[in-house]
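Please examine the sequence and the structure shown below before reading this report.

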Amino acid sequence: MATAALSPLDQELHPPAHLKPILADVGALYRDEVAPREAALAHRLADESQFLDTDGKLHPEILAARREIMRAAGKKNVYSAHLPERLGGRGLGRTDMIYVEEKVYGYGCGLNPALLSWSEGATPRLLYCHDHQREQFVDPLVRGEKTSLHAVTEIGAGSNLFDMKTHAKRRGRDWILSGTKAYITNAFDADVAQVLAVTEAGAGRRTFTYFMFDTREYLQKGYRPGRVYQTMFGDGYTGEIFFDDMVLPESAVIGEVGQGFDIAVMSFNYTRMRRAGMCSGWSKYLIERSLERVQSRIVGERPLGANQGIQWLLADMYVDWLQTRSLSLEVARTIDNPGPWYRMPRPKDEIRRICALKVSNDESFYRVADRALQVHGGSGVMRNNPINKLFQIARNLRIPGGTDEVQRTTIAETLGLRFDASKSAPKAAGG
Ligand SMILES: Cc1cc2nc3c(=O)[nH]c(=O)nc-3n(C[C@H](O)[C@H](O)[C@H](O)COP(=O)(O)OP(=O)(O)OC[C@H]3O[C@@H](n4cnc5c(N)ncnc54)[C@H](O)[C@@H]3O)c2cc1C
């Protein structure tokens with residue numbers, strides 16, 4: 001699954017010189033940690049029936065390999081490079097992270113994504129954790145030794161947080177957490193849960209609070225993973241979870257009581273910005289595989305790529321990649337310049353650009369994946385083909401992290417198009 005060295009697109013990446021060490025670390029990690037495990041698990045990665053176990057969950061061997069890769073990447077301080085040094089990261093800004101992400105995702109969709117923290121890892125919510133949460137939760141998550149889930153969405157509450165029913169009520173100094181969350185990534189394997197709940201209904205942006213706890217410690221005490229969903233991209237990793245009147249101590253709160261909305265907005269912004277290198281890397285992978293295919297596939301005694309119709313498909317894929325990558329780097333530059341990407345609150349124009357970045361990346365990656373599948377013909381439709389897998393992933397990306405329609409609504413609102421005063425509660429969407 002390795003990307004061919006120095007493709008025409010490789011020559012256009014131009015990473016800054018100061019990133020040479022971390023990009024070399026990524027290359028070494030891929031060679032030493034990822035590629036051998038992908039080879040050992042090739043039969044599972046290439047066959048959906050072996051990728052999942054009999055319950056439809058991601059197979060334990062793949063979960064174990066991912067965890068080993070996370071830990072190895074943690075040891076080299078690649079896994080959490082985006083976090084500030086005081087938390088154990090490398091303190092890289094968004095611009096720098098785009099180059100790192102596109103290198104990681106440029107290897108395709110095998111085990112390589114485990115090299116970098118995603119929603120199950122060291123997310124910026126850790127910036128709001130207290131000292132007493134550091135040893136048990138923050139440090140192991142930053143080092144890739146534990147995984148987390150992030151539970152916001154419910155069946156009846158996705159695009160609008162204010163529809164949320166999961167709540168935590170005070171009992172003495174404790175909190176009683178009750179509710180159900182849906183579509184949660186890493187729902188059955190997470191060591192740590194980070195859960196958003198209503199703590200003061202009707203209090204505007206002070207309505208919600210984040211809680212964090214050890215999932216295994218609470219398994220017999222009201223915490224319950226439910227079924228695993230069978231998603232279109234067969235991840236075996238997305239499910240539902242229940243909180244049956246769980247008793248949580250005050251020390252389980254992330255940040256302050258009532259700060260959940262602001263922390264959620266910050267997390268979603270991060271998820272949206274994170275699309276940049278991910279979509280660029282995966283698009284680059286798809287374009288390179290498509291170039292190889294149209295040069296080697298002979299149809300009617302000449303390469304497929306000799307046809308103008310096919311050439312234009314490839315040209316359009318390149319235009320999408322270049323446009324969105326350029327936009328992402330420009331948005332990242334304007335985010336990094338005023339200070340660290342995780343600062344709060346953010347000005348409206350910056351929020352607008354982050355939403356634009358998500359829409360642009362999701363949709364251009366989807367177009368690239370669609371065209372890549374087309375040039376692969378029947379082989380692209382086969383389930384065990386990485387082109388097909390990335391097409392499914394690309395379609396999915398337009399939903400989580402706040403749907404692309406919600407991004408457009410925010411863009412319009414920050415341009416001054418907000419008319420319904422009765423719905424003036426601050427908006428945040430997507431898990
Ligand atoms: C694979 C996967 C993984 C996920 N992982 C997580 C996770 O780890 N944690 C988590 O909390 N959540 C997670 N989610 C949930 C995800 O964030 C939600 O599905 C998403 O926010 C949309 O919410 P919904 O499904 O309720 O759709 P709805 O809110 O019902 O929206 C349905 C459609 O209506 C559109 N729509 C809604 N409101 C408006 C409006 N005002 N104007 C115009 N159009 C609108 C939406 O864009 C969408 O197209 C995941 C989802 C998926 C598919």
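The sections below treat the backbone, the cavities and the salt bridges in turn.

## Basis of the report

The model is predicted, so local features need pLDDT of at least 70 and side-chain atom pairs count only at pLDDT 80 or more, whereas totals for chains, interfaces and linings use all residues. Residues are numbered from 1 along each chain as its sequence is written, and side-chain values use heavy atoms, with hydrogens and water left out.

Helices (H or I, at least four residues) and strands (E, at least two) are DSSP runs, numbered from the N terminus. Helix α9 covers residues 348–375, 28 residues in total. From its first C-alpha to its last, α9 reaches 41 Å, close to the 40 Å expected at 1.5 Å a residue; the expected span is 1.5 Å times one less than the number of residues. Gly-377, which follows α9, has a positive phi near 55°.

Pro-345 is part of the loop between α8 (308–336) and α9. The peptide bond from Met-344 to Pro-345 is cis, and its omega is near -10°.

Most residues other than glycine have a negative phi, and most peptide bonds are trans. Which phi does His-14 have, positive or negative? Although His-14 is not a glycine, its phi is positive, about 50°. His-14 lies in the segment before α1 (20–40) and is exposed, with a relative accessible area of 59%. For this term, buried means under 20% relative accessible area, exposed over 50%, and partly exposed in between (1.4 Å probe, protein chains only).

Glu-301 is not a glycine either, and has a positive phi of about 70°. Glu-301 is found in the loop between β9 (298–299) and β10 (302–303), and its relative accessibility of 80% counts as exposed.

## Cavities

A cavity is a set of points, on a 1 Å grid over the protein atoms alone, where a 1.4 Å probe fits but cannot get out; lining residues have an atom within 4 Å of a point. Grid points are joined across faces, edges and corners, and a volume is the space filled by probe spheres set on the points. The structure holds two cavities of 30 Å³ or more.

The largest cavity contains about 40 Å³ of space. Its lining includes Arg-94, Met-273, Ser-328 and Leu-357, and α8 gives the largest share, four residues. The second largest cavity has a volume of about 30 Å³. Among the residues that line the second largest cavity are Cys-279, Asp-320 and Asn-361. In this lining too, α8 supplies the largest share, four residues, while α7, α8 and α9 each supply at least two.

## Salt bridges

Side chains of opposite charge can pair when their charged atoms come close. A salt bridge is a side-chain nitrogen of Lys or Arg within 4 Å of a carboxyl oxygen of Asp or Glu. The structure holds 34 salt bridges.

Asp-244 forms a salt bridge with Arg-224, with the closest N and O atoms 2.9 Å apart. This pair links distant parts of the chain, as Asp-244 is in strand β7 (residues 238–248) and Arg-224 in strand β6 (residues 223–228), 20 residues apart. Asp-244 is partly exposed, with a relative accessible area of 38%.

Lys-284 and Glu-288 also meet in a salt bridge (3.0 Å, N to O). Both lie in helix α7, four residues apart, about one turn of the helix, and both are buried. Finally, a network of salt bridges links Arg-67, Asp-189, Asp-191 and Arg-216.

Note on methods:
On a 1 Å grid over the protein atoms alone, a cavity is a set of points where a 1.4 Å probe fits but cannot get out, and a pocket is an open set with protein on both sides within 12 Å along at least five of seven lines; lining residues have an atom within 4 Å of a point.
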